[in-house]
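My notes follow the structure.

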Amino acid sequence: MPIYTSSSDSEHETAPVTKLFGRQRPVHAVLGGGKVADVLLWKNKKVSAALLIGVTLIWFLFEIVEYNFVTLFCHISMTSILLVFIWFRVAEFFDWKDPRIPEIKLMESTMREIASTFHARFDQILSKLINVACGKDNPGHSILTICSLYILSVIGNCFSFVNLLFLVLLSLETLPFLYSRYEKEVDRLVYKAMRRVRKMFNSFDSQVLNKIPRGPIKDKKKY
């Protein structure tokens, strides 16, 4: 039995629990710290609820009712035009004031903030994957990344694109909020899981990889 096992375990027990993905900033700052973060963390409950209801309604129309995009767009447009036409004719018949239709404008700053937030998160994920592939990160992270990608590929085979997209959007609407609410408990569970993965990799490295015979290293000839 190796002597260093108990000491390493005691060091892990006394070591502070690191935050998820090794982050140092709060969740709100990681998500961009703006309106997008407020929506994902349900700080603006009206907008978050409206977005969740809208995404669920779109998923219901496409997946359950089996609408396609062109048909749905045409039906919504025809219904809207018919309702506005009836509204104006009724107002004209009863000599009411003309109805005021509110203008819908998307703020350029809001769209730029959403694009920059997703762009920053995509660059962060891509750089993390590159570090894992190049072996610059912890070996346990490499195994965890491969297992996660394999699980994601299995999930992708079990769901259609619409269902998978709905699950992703639903996760974005719920998981950050739940994590910010139960942050300490989640960090503790993830820390324990990473410890187990690291121990398994160290055991595999010492019992299998280190026992693979290697040829003698020849000194390079000096010219």
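I started with the neighbours of Asn-163. Leaving out residues up to four places away in sequence, Asn-163 touches Trp-59 and Glu-63; contact here means heavy atoms within 4.5 Å. The side chains of Asn-163 and Trp-59 are joined by a polar contact of 2.7 Å. I took a polar contact as a pair of N or O atoms within 3.5 Å; within protein, one must be able to donate a hydrogen and the other to accept it, and residues adjacent in sequence count only if both atoms are side-chain atoms.

Caveats noted: this is a predicted model, where local features need pLDDT of at least 70, side-chain atom pairs count only at pLDDT 80 or more, and totals for chains, interfaces and linings use all residues. Residues are numbered from 1 along each chain as its sequence is written, and side-chain values use heavy atoms, with hydrogens and water left out.

Is Asn-163 buried or exposed? Asn-163 counts as buried because its relative accessible area is 17%; buried is under 20%, exposed over 50%, partly exposed in between (1.4 Å probe, protein chains only). Asn-163 sits in helix α8, residues 161–181. Helices (H or I, at least four residues) and strands (E, at least two) are DSSP runs, numbered from the N terminus.

Next I checked Ala-49, in helix α4. Ala-49 is partly exposed, since its relative accessible area is 26%. From Ala-49 to Val-39 I read 8.9 Å, C-alpha to C-alpha, at 10 residues apart in sequence.

Then the second largest pocket, with about 420 Å³ of space. Val-36, Val-39, Leu-51, Ile-114 and Glu-173 are the closest to its centre, out of 15 lining residues. A pocket is an open set of points on a 1 Å grid over the protein atoms alone, where a 1.4 Å probe fits, with protein on both sides within 12 Å along at least five of seven lines; lining residues have an atom within 4 Å of a point. At least two lining residues come from each of α3 (35–40), α4 (45–64), α6 (108–133) and α8. The lining holds 11 nonpolar, two polar and two charged residues.

Last, the record. The unreviewed UniProt entry lists residues 47–65, 72–90 and 149–172 as "transmembrane region". Residues 72–90 are 100% helix and 0% strand, with end C-alpha atoms 27 Å apart. For residues 149–172 I found 92% helix, 0% strand and 18 Å between the end C-alpha atoms.

Key. Grid points are joined across faces, edges and corners, and a volume is the space filled by probe spheres set on the points. Ala, Val, Leu, Ile, Met, Phe, Trp, Tyr, Cys and Pro count as nonpolar, Asp, Glu, Lys and Arg as charged, and the others, Gly among them, as polar. UniProt positions are given in the numbering used here, feature names are shortened, and annotations may be inferred rather than shown by experiment.
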